[in-house]
Amino acid sequence: MSKKQQGSRPFGMRDKIGYALGDAGNDFTLMLLQSYLLVFYTKVLGVSGGIIGTMFLVTKFVDAFTDTTMGRIVDSTTDKNGDRFRPWIRRMAIPVVLCSTLLYNIFITGWPMWAKVVYVTVVYLIYGSVCYTGINVPYGAMAAVISTDPKEKTSLSTFRSVGATVAGMLIGIIVPLVIYTTDADGNEVVSSTRFLTLAVVFALIALLCYYLCYHWTEERIHIPNKEKQKGNLWSDVRRVCSDRAILSIILISICIFGATGVIQALNQYLFLDYFKNTTLSSVASLIMVVGILITAPFATMIASRFGKKEGGIVGLGLSTLVYLLMALAPVSNPMIYLLPGTRLLYHGQLGHDQRLYRQLLCGLR
């Protein structure tokens, strides 16, 4: 049974902005990693993309265990004030930003290749599977205890999206303008020192966001700790595999977030190596944000009128069609690639699909 905290201040804009800053803090390190870490590893450290891709895949299996472990820890522990989620933002903020900075360590460029691979694998595991999990899992669940009012919880979700969008927009626009420079032959190359400097700057901004999130939000609902229960892992796996609804959601999430990850990682190579104009990467990021802002308001309307499942299927179909068209008709002129119609449809539709997916997932919970 949930218990409301006595003497808590009324829910207001301070909570909304604070919660939005929490996701902004997450994304100032995570989105930098998703969009540019592969570029750093291949262009600065000289590690092959195949090795890095394998490392990314293997570490995701580790995440499956650390995420559930963190969830159990949060369910069974509170601080002396009865707060369950906010304390983890305070505890993990410095480890997250520190590990994020160490990902872009330019001082190992002279190491043997095997040492580089070991270093990047260990640091990436510590950042993603331990530190980021330790702050993101409690943060995501914290909205449920900030308020029990459905409208107020919806506003928290909206402000969270705003925080993520702002962080993503700043990273997408600023990073390409800073990390790339021109060599003696006039070719655009990656500047290792600028890369590290920018990583430090974003880490400090993320730390400030976490600090404000912790102090501006308040847990108004205190829930008793859950007793630790022993479970059978294989029994849980069989139960999930036999549930068509949950299994379909898992497969959809793999496809959608896999596609998003490919777009974020390979877009940088598209403008650096194919179009050879990295400045346009900032323009593309701006257009992407505009596309999402234009299409996002229609996600709820479509889901309400036609159904979440039906809207998601149509949206995924349109996104797949755009993928096929871009694969079969490759564009060599970057200005044609940046045509508003193409980019808005491509990225806006993908953002639309993600919102319908989240609504469908919440409906199953």
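**Figure 1. An aromatic cluster in a predicted model.** Rings of Phe, Tyr and Trp are taken to pair if their centres lie within 6.5 Å. In this predicted model, Phe40, Tyr41, Tyr104 and Phe195 form one such aromatic cluster. Let's begin with Phe40 and Tyr104: their ring centres are 5.5 Å apart and their planes stand at 75 degrees, so the pair is edge-to-face. Phe40 belongs to helix 1, while Tyr104 sits in the loop between helix 3 and helix 4, and the two are 64 residues apart, so this pair links distant parts of the chain. Phe40 is buried at 0% relative accessibility, and Tyr104 is buried with a relative accessible area of 0%.

**Figure 2. The stacked pair Tyr19 and Tyr139.** The structure holds 11 aromatic pairs, and here is another of them. The ring centres of Tyr19 and Tyr139 are 4.5 Å apart and the planes meet at 20 degrees; because planes under 30 degrees apart count as stacked, this pair is stacked.

Figure 3. Leaving aside neighbours within four places in sequence, Tyr41 is in contact with Gly46, Val47, Ile52, Met55, Leu103 and Val120.

**Figure 4. A salt-bridge network around Arg9, Asp15, Glu218 and Arg220.** Side chains of opposite charge can pair when their charged atoms come close. The model has 5 salt bridges, and this view shows Arg9, Asp15, Glu218 and Arg220 linked in a network of them. Glu218 and Arg9 meet through their side chains at 3.4 Å, N to O. Glu218 is in the loop between helix 6 and strand 4, and Arg9 is in the loop between strand 1 and helix 1, 209 residues apart. Glu218 is buried, with a relative accessible area of 15%, whereas Arg9 is partly exposed at 23%. In the other bridge described here, the closest N and O atoms of Arg220 and Asp15 are 2.9 Å apart. Arg220 lies in the loop between helix 6 and strand 4 and Asp15 in helix 1, so this bridge ties together parts that are 205 residues apart in sequence. Arg220 and Asp15 are both buried.

Figure 5. The side chains of Arg160 and Asp23 meet in a salt bridge, with an N to O distance of 3.6 Å. Arg160 is in helix 5 and Asp23 in helix 1, 137 residues apart. How accessible are the two partners? Arg160 is partly exposed, with a relative accessible area of 27%, while Asp23 is buried at 9%.

**Figure 6. Arginines over aromatic rings.** Two arginines are worth a look here. The charged end of Arg86 sits over the ring of Tyr214, 4.3 Å from its centre. Arg91 lies over the face of Trp88, and its distance from the ring centre is 4.6 Å.

Figure 7. Lys116 is found in helix 4. Is this lysine buried or exposed? Lys116 has a relative accessible area of 6%, so it is buried. Not counting residues up to four places away in sequence, Lys116 touches Leu45, Val47, Ile108, Thr109 and Trp111. Ser35, found in helix 1, is buried with a relative accessible area of 11%. With residues up to four places away again left out, Ser35 touches Gln264, Ala265 and Gln268.

Methods:
Residues are numbered from 1 along each chain as its sequence is written. This is a predicted model: local features need pLDDT of at least 70, side-chain atom pairs count only at pLDDT 80 or more; totals for chains, interfaces and linings use all residues. Side-chain values use heavy atoms; hydrogens and water are left out. Helices (H or I, at least four residues) and strands (E, at least two) are DSSP runs, numbered from the N terminus. Buried means under 20% relative accessible area, exposed over 50%, partly exposed in between (1.4 Å probe, protein chains only). Contact means heavy atoms within 4.5 Å. Rings of Phe, Tyr and Trp (its six-membered ring) pair if their centres lie within 6.5 Å; planes under 30 degrees apart count as stacked, over 60 as edge-to-face and the rest as tilted. A charge sits over a ring if NZ of Lys or CZ of Arg is within 6 Å of the ring centre and within 35 degrees of the ring normal. A salt bridge is a side-chain nitrogen of Lys or Arg within 4 Å of a carboxyl oxygen of Asp or Glu.
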